[in-house]
Amino acid sequence: LESTFEITVAFSPTVVVLGGAGKIGTAAATHLLRRVPEAEIILVGRRENGGKGATEEVLKSFPNGKVSYTNVETVWRRSTKLVDIINNADCVIHTAGPYLDQDPIPLELAIESQRCKAYVDVSDPLPFLEKSLLLDLEAKASNTTALLA
């Protein structure tokens, strides 16, 4: 059985994909454009030269997609660049790793942002998830939906 569903978006969302140069990041971006082709996707990765291949990978499926790449040194530390990127996003999808012994800085920044109201995290180490879950009240207070897996 094949099932389909439609998503109606009243605006063109800007979605930041942390770990955007990796396989999971490009797969998430491609899937999102399949569902919301008007989305602007900003792939974020550590490598300056990783963006061209990642952007091309996503644009292979969606040649008219709005896809760009920017690099940040790390998503595990607050930096002016990372704060600016998240402050200008409607949604953050976090696929960057490794998560071991890290704090949920990207989630904190999404909660603090006036614009970002959706955060999706595909982390796996339990200590990282436990730290993220401690931000429940802050997320609710800022009206930010955070999905953690």
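A residue is called exposed when its relative accessible area is over 50%, buried when it is under 20%, and partly exposed in between, as judged with a 1.4 Å probe on protein chains only. The structure is a predicted model, in which local features need pLDDT of at least 70 and side-chain atom pairs count only at pLDDT 80 or more, while totals for chains, interfaces and linings use all residues. Residues are numbered from 1 along each chain as its sequence is written, and side-chain values use heavy atoms, with hydrogens and water left out. Helices (H or I, at least four residues) and strands (E, at least two) are DSSP runs numbered from the N terminus.

**The sheet**

- An open sheet is formed by 6 strands in the order E3-E2-E1-E4-E5-E6, with parallel pairing, where two strands pair if DSSP finds at least two bridges between them.
- E3 and E6 are the edge strands, each pairing on one side only.
- E1 and E2 pair in the parallel sense over 5 bridges, and Val-17 stands opposite Leu-43 in E2.

- Helix H3 spans residues 80–87, and its residues Leu-82, Ile-85 and Ile-86 are buried.
- These residues lie on the same side of H3 because they cover an arc of only 90° around the axis, the arc being that of the directions from the helix axis to the C-beta atoms.
- The buried residues of H3 pack against strands E1 (14–18), E2 (40–45), E3 (66–71) and E4, and also against H4, contact meaning heavy atoms within 4.5 Å.
- Not counting residues up to four places away in sequence, Ile-86 touches Val-92, Pro-106, Leu-109, Ala-110, Ser-113 and Cys-116.

**Nonpolar cores**

- A nonpolar core is a set of buried Ala, Val, Leu, Ile, Met, Phe, Trp, Tyr and Cys residues joined through side-chain atoms within 4.5 Å; the largest has 24 residues, and Leu-82, Ile-86 and Val-92 are among those with the most contacts inside it.
- E1, E2, H3 and H4 each supply at least two residues of this core, and its largest share, 5 residues, comes from H4.
- A second, separate core of 16 residues includes Val-15, Val-17, Leu-33 and Val-58.

**Loop residues with positive phi**

- Asp-101, in the loop between strand E4 (91–94) and helix H4 (105–112), has a phi near 65°, a positive value in a residue other than glycine, and is exposed with a relative accessible area of 71%.
- Asn-143, in the loop between helix H6 (136–141) and strand E6 (145–148), has a positive phi near 60° and is likewise a residue other than glycine; Asn-143 is exposed, with a relative accessible area of 59%.
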